[in-house]
Amino acid sequence: MEYIVSARKYRPMSFDSVVGQTALTTTLKNAVRTGKLAHAYLFCGPRGVGKTTCARIFAKAINCEHPTAEGEACNECESCKAFNEQRSYNIFELDAASNNSVESIKTLMEQTHIPPQVGRYKVFIIDEVHMLSTAAFNAFLKTLEEPPSHVIFILATTEKHKILPTIISRCQIYDFERMSVPDIIEHLKMVAQKEGISYEDEALAVIAEKADGGMRDALSVFDQVASFSQGNITHQKVIEDLNVLDADNYFSMLDLALQNKVSDLMVRLNDILSRGFDGGLLIGGLALHTRNVLMAKDEATLPLLEVSDKQRQRYKEQAQRCPVSFLYKALQLMNRCDVQYKQSSNKRLLVELTLIEVAQLTQPDDDTPAAGRSPKRLKSLFKKLFRSVQPQPAKQVAGAGHSDERANTTDQQAANTPTAAQQTIGATANGGTTPSDTHSNNDRQATTTKTPKLKLGAVGMSFRNLVEQEKKKPAYIKEPEIENKDERKDFTNEELQLQWRAMCNRMASRSELQSIASRLRNLRPAITNYPNVEVLAESRILFDEINNIKGRIRATLCNSLHNGSIHFTVRMAEQDEIRPMLTRRELFDKLRNENPQIKKLAESLHLDLA
């Protein structure tokens, strides 16, 4: 016996058997029942939702000699039998994908002038009508506008936006919707029962989600899984055959992120990637799962989940454990990752960083390490730092009458005595007195309030630390001695730039100088006032970097150019002095435009950049 796939074997033969398009089928049945038929219909919608099927059922019902009271075809008259046996001369189907020329449309238009031999109408079904060329559309336009009374056109397309507006305006438009997951599951159950195939509800739910709203896709996947599982469709076998990430992975990953278990989350991610799944697919699936959990937080949005009843209950239970703020921020992070995924050069690292950030959303703001979090604790650190340098109230010092006590506290006063600069500043702030006036005032006053001493160690580096750091500078920063001070050999700009490039090549061999060496290669030193050499820096960062090793550069140039009197300076470039770096293509085009000989050579030999 010949095997027929389920998508063809169980194709609906009546309006009532069409799944998920109740509103449209009801409208078409009413049109047949009342006889109010338009001359052109346009069926639009995604693939596999029943456009062509409804067009065939509608065409059969139009020509039925004894339609039922509900508007269905009787399947007993000669017209219905001819259609069911595929020998009807009143119904024509044209695939516009392969017959999109003007000649094909003209041939079709010639057939419209012949009235039907059996039945009342000639019905022309044009599938994938958006594939017609512009010339074919124009040839079709006049007939579509004023067709013969016995002709009805039914156009079907998956891309309505590609059809000319003049065509759309002459048709009744029916927009087909995607199949819902519950509708697909119910239809698959019916097919499984007729075929004698056992199944699990979770397995059919995975197939329905994989179909993405298309019944034909769902039946094709159903046949594939039924063949793999040998008539016993289980959830595990569906996952293995389709190689899809089941919802259990997403449920567990979201629970791990909610519990801040970053290590376990990384292990789960590695296991998923090792099975061949793409990181972008994982992030997209996890984002959809998080969205479903967010919808399950409210009973009003719970019906928006296109999942089975068992899965809907799992979403509801997990939603009770997840705060709304966590779900909302997690969706933002995943959406950002999805946008950046295609442009990222290290896709796995991007996915790992996103999952780490999601796993730390619910971490409390304490003093424990939190990699990847916003620097909340950094602000508190600065608060403590500035709090530590607030001036403390000065201690009272005894006046001149207590000579014994003052003698005993001489060392303490010496330690707390402010500097001359501090005395001057303090005196000026208190009335503009000079340091000498301050000494006389101290003798006349019984007590004196001392200016608080600024502790340098609390806000920065002490002078001793600066000296120690200066000693620890790398060797390439310390300025070397000029060994050839007496040499005075002349040099030109060409020799200067040649030795400059040689110096950059030697610098690149040292790992700590590779970055600055690559930037120095792009600079062109020049002789300003012989033997003074100047180089222009295009940014403040580059200016500071060159200044750090300016002495080293001068010593190298003096040695390589055999001139010990060279003076090397760095200057910030003016706006009009900054020239953009040309790419290889731009440089090649510039050479061709400036040198006709190079242009002629390139054209004659067909030269181009690799």
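Two strands are taken as paired if DSSP finds at least two bridges between them. Strands (E, at least two residues) and helices (H or I, at least four) are DSSP runs, numbered from the N terminus. The model is predicted: local features need pLDDT of at least 70, side-chain atom pairs count only at pLDDT 80 or more, and totals for chains, interfaces and linings use all residues. Residues are numbered from 1 along each chain as its sequence is written, and side-chain values use heavy atoms, without hydrogens and water.

Strand β1 (residues 40-44) runs parallel to β4 (residues 151-157), joined by five bridges. Y41 has I154 of β4 as its bridge partner. Both strands belong to an open, parallel five-stranded sheet, ordered β2-β3-β4-β1-β5. β2 (91-95) and β5 (172-175) each have a single partner strand, so one side of each lacks a neighbour in the sheet. On average, neighbouring strands are turned by 15° against each other, direction ignored; axes are lines fitted to C-alpha atoms, for helices over the stretch in contact, and angles between N-to-C directions run from 0 to 180 degrees.

In β3, five of six residues are buried (under 20% relative accessible area, 1.4 Å probe, protein chains only). β3 is parallel to β2, through five bridges. E93 pairs with I125 of β3. The chain passes from β2 through α5 to β3 in a right-handed β-α-β crossover: viewed with the strands pointing away, the path from the first strand over the helix to the second runs clockwise. Helix α5 (residues 102-111) lies across β2, β3 (122-127) and β4, at about 165° to β3; contact means heavy atoms within 4.5 Å.

Six bridges link β3 to β4, also in parallel. I126 stands opposite L155 of β4. The crossover from β3 through α6 to β4 is right-handed.

Conventions:
Buried means under 20% relative accessible area, exposed over 50%, partly exposed in between (1.4 Å probe, protein chains only).
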